Amino acid sequence: MASVSAKIIFSTAAAVATATGGNTTATGSSFLPVFRRGAATPLPLKLSHRRRHHVRHITNVFKTVESPAAPPTLDPVRQVQKPTILVSEKLGEAGLEVLREFGEVECSYDLSQEDLCKKISLCDALIVRSGTKVTRAVFEAAKGRLKVVGRAGVGIDNVDLQAATEFGCLVVNAPTANTIAAAEHGIALLAAMARNVAQADASMKAGKWQRNKYVGVSLVGKTLAVMGFGKVGSEVARRAKGLGMHVIAHDPYAPADRARAAGVDLVSFDQAISTADFISLHMPLTPTTKKIFNDETFAKVKKGVRIINVARGGVIDEDALVRALDSGAVAQAALDVFTEEPPPKDSKLVQHENVTVTPHLGASTKEAQEGVAIEIAEAVVGALRGELSATAVNAPMVPPEVISELSPYVVLAEKLGRLAVQLVAGGSGIKSVKVVYKTARDPDDLDTRLLRAMVTKGIIEPISSSFINLVNADFTAKQKGLRISEERVSINSSPENPVESIQVQISNVDSKFASAVSENEYISIEGKVKDGIPRLTCVGSFSVDVSLEGNLILCRQVDQPGMIGRVGNILGECNVNVSFMSVGRTVKRTRAIMAIGVDEEPDKDTLKKIGEVPAIEEFVFLKL
C-alpha cells in the first residue's frame, strides 16, 4: 500500500485571474483553437507567446527567455547579443577576464545612487563589493532587465534582498574564496591587539621608547568566544587552538557534532560573553544581530574582555563600545569593519587609544582577491546562463549534488505546470494546485523545493505578465493568491531515482479538454523521467507516453482502426512534421486519447480539419 503525506506550502484567499470571460484567456496575442464535438468552429484560446520558454535542460530555472510565437523567425541580432555586466567596484583581472569571455563588461567605479539608477536599466548583471548599496530604487530603475547581482564577498547587507526577490533578480555571493584571508586577518588583529603592536609602532615612529607602557597579555590558556561558527568562524577557532587558546562558540545554527570535531564547545550567547577573555565576531548583519553588542551586552561581559570584529560593523553599537572602553568593561578592541565605511574622521571609536583599526582588509590578500574575483565572475556568468547556483542567497539553497540529481525532474515539473494551465478553460480562476510526488525515498531524502518552484513557474508564466524564475516563483504565487500544496506518496521501488513520477492537479476549474479531468473532478496530468527525458505519462485517467518537447495535440477519439493514419495524413498534407504519437485507452474499442507531438504549430485550418474527423470527440493544441 502506498502511504500519503501532505504538506501545505502556502495559501491565500484570492484567485489567479486567468481569463476575462467566455472562452478567451486574455494574456497574449496569438489565438490557439480548441475543438469540441458540437461546436460550429474551433473555440479561440488566447495564450501568451511573449514569454515562451523552450526548456531544453535545467539551465532555464533562473532566466526568462523571450522568443516570438514562431521559433523559426527568431531575430538573429537578438540571439547573438551579449549580456551587459556592470562592475561598480574594483574586481581582480582574472574575474574580469571570465566576464569578458561571456558578455560586455563595463567598469564604472564610485557611482552615486543616482548614476547607478541611470545605468542599471541597460544592464543584465551587476557586480558589487561592500561599498555599493543596491537598494529597491536600483531594482525599480532596472525595469526588469537586471537578472543577477553578484556580491564579491560574503556579506550581502548592502543588497535589498526582498526587492531583489520581488523583481526576480538572483543574488549570488562568493562565500568561500576569502574565508582563509578573513580568518587570518582575525588572528592577526587578535595577536596585534594582545601585544599592542599598532600602538607601539606609532609610539616608536613618534620618537618614543615606551616598553613599560605597552606590556601585553598572553594568548595561551585564554578563552576565545567565536560568535558565529560558520566558514570564517570555524577557521579562526582552528587557528586559535593552535595558539593554545581554549575555544568556545555561539551559533544557533551550527551542528554540535561539527563543533565537537573541531574541539569547540557550543554554548549560549550569555555564557559565551560572560566567560570569554577574547570575543571574535563572525556573525552576519541581520535584524536580529544588528547592534547585538550594546550597553546591555557589555554589562554582561567578563571585565577586561578584548573584542575582535572582522564580520560586519553594524553588529556593534559603536557608541556603546566607546562607553565600555572608557569604563574598562572592555579592555581593547580590534576592528576591521564599521557601521559607516569609511567612518567619520573624528570618530571617537577610531581615535580611541585602546582600539586597533584597519580599513576593511579582511579579504585583502592577493590570493583572496583573485579567488573572490573568479568565484563571483563564475557565479554571475552561470546565473546569466540560467544555471542553478549553490551560492544563491535569495533562492533555495540546494547542494550541488541534489541540483545535479534533480535536473531532468526540474524540467519535467515546469513543463507539467505549463501543460496543466493550458488545459484550464477560459473564465476559470486557478485557486488551488496540488503537486503529488511518487517516490521510494524517505521524506528527509527528497528536497522538493526546486520542483515546487518550477511547477509554480510553469503555471503562472503562461497566464501572467509576471516574469517568473526560481527566485520569485513562491513570492509571486502568494501575491496572486495561488495556493500550492505538496503530497508525497511512498511506493515500493528502488530509491535510486529521487522521484518515480510527478502529478499536477488543478482543482475547482473547468477544463477545455474534458478528458483531462479525473474521476475526482480536477484536472490531472502526470509525467516521468525516462532515460533522462521528461515524458507525459497520464492525462486524466488515460495513460499515454510522449516526450515533452515541441508542441502537443491531444485528441479524444472513438477507439477504432485507422485513426492514427487519418490524423497523420492531415498533418502531413499541411507540412506539419509529426515527432511522435501515442494512444492510451481505458477499455478496448471504446474511447482513447491520442497524443501527437508536432514540430511546427499547425494553422487554424489544419486544426479544424482534425476536429472534423467524425471519430474525434474533442482535441486541444498545447505549446511546450
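**Salt bridges and a buried helix**

Let's start with a contact you can find by eye: the side chains of Lys 528 and Glu 500 meet in a salt bridge, with 3.6 Å from N to O. Lys 528 lies in strand S21 (residues 523-530) and Glu 500 in the loop between S19 and strand S20 (501-507), so the pair ties together parts that are 28 residues apart in sequence. A salt bridge here is a side-chain nitrogen of Lys or Arg within 4 Å of a carboxyl oxygen of Asp or Glu. Helices (H or I, at least four residues) and strands (E, at least two) are DSSP runs, numbered from the N terminus.

Before going on, please note that this is a predicted model: local features need pLDDT of at least 70, side-chain atom pairs count only at pLDDT 80 or more, and totals for chains, interfaces and linings use all residues. Residues are numbered from 1 along each chain as its sequence is written, and side-chain values use heavy atoms, with hydrogens and water left out.

How covered are the two partners? Buried means under 20% relative accessible area, exposed over 50%, and partly exposed in between (1.4 Å probe, protein chains only). Lys 528 is partly exposed at 26%, and Glu 500 is partly exposed at 32%.

Now move along to Lys 623 and Glu 601, whose side chains form a salt bridge at 3.1 Å, N to O. Because Lys 623 sits in strand S27 (residues 616-623) and Glu 601 in the loop between strand S26 (591-598) and helix H19 (604-611), this pair links parts 22 residues apart in sequence. Here Lys 623 is buried, at 8% relative accessible area, while Glu 601 is partly exposed at 34%. Elsewhere, salt bridges with shared partners join Arg 556, Arg 591, Glu 617 and Glu 618 into one network. The count comes to 28 salt bridges.

Next, have a look at helix H16 (residues 449-460). Its 12 residues should span 16 Å at 1.5 Å a residue, and its end C-alpha atoms are 17 Å apart, which agrees; the expected span is 1.5 Å times one less than the number of residues. H16 is mostly covered, with 11 of its 12 residues buried, among them Val 455. Ile 484 belongs to strand S19 (residues 483-490) and is buried, at 0% relative accessible area.

Finally, the cysteines. A search of the whole structure finds 0 disulfides, a disulfide being a pair of cysteine sulfur atoms within 2.5 Å. Cys 169 is buried at 0%, and Cys 538 is buried at 15%.
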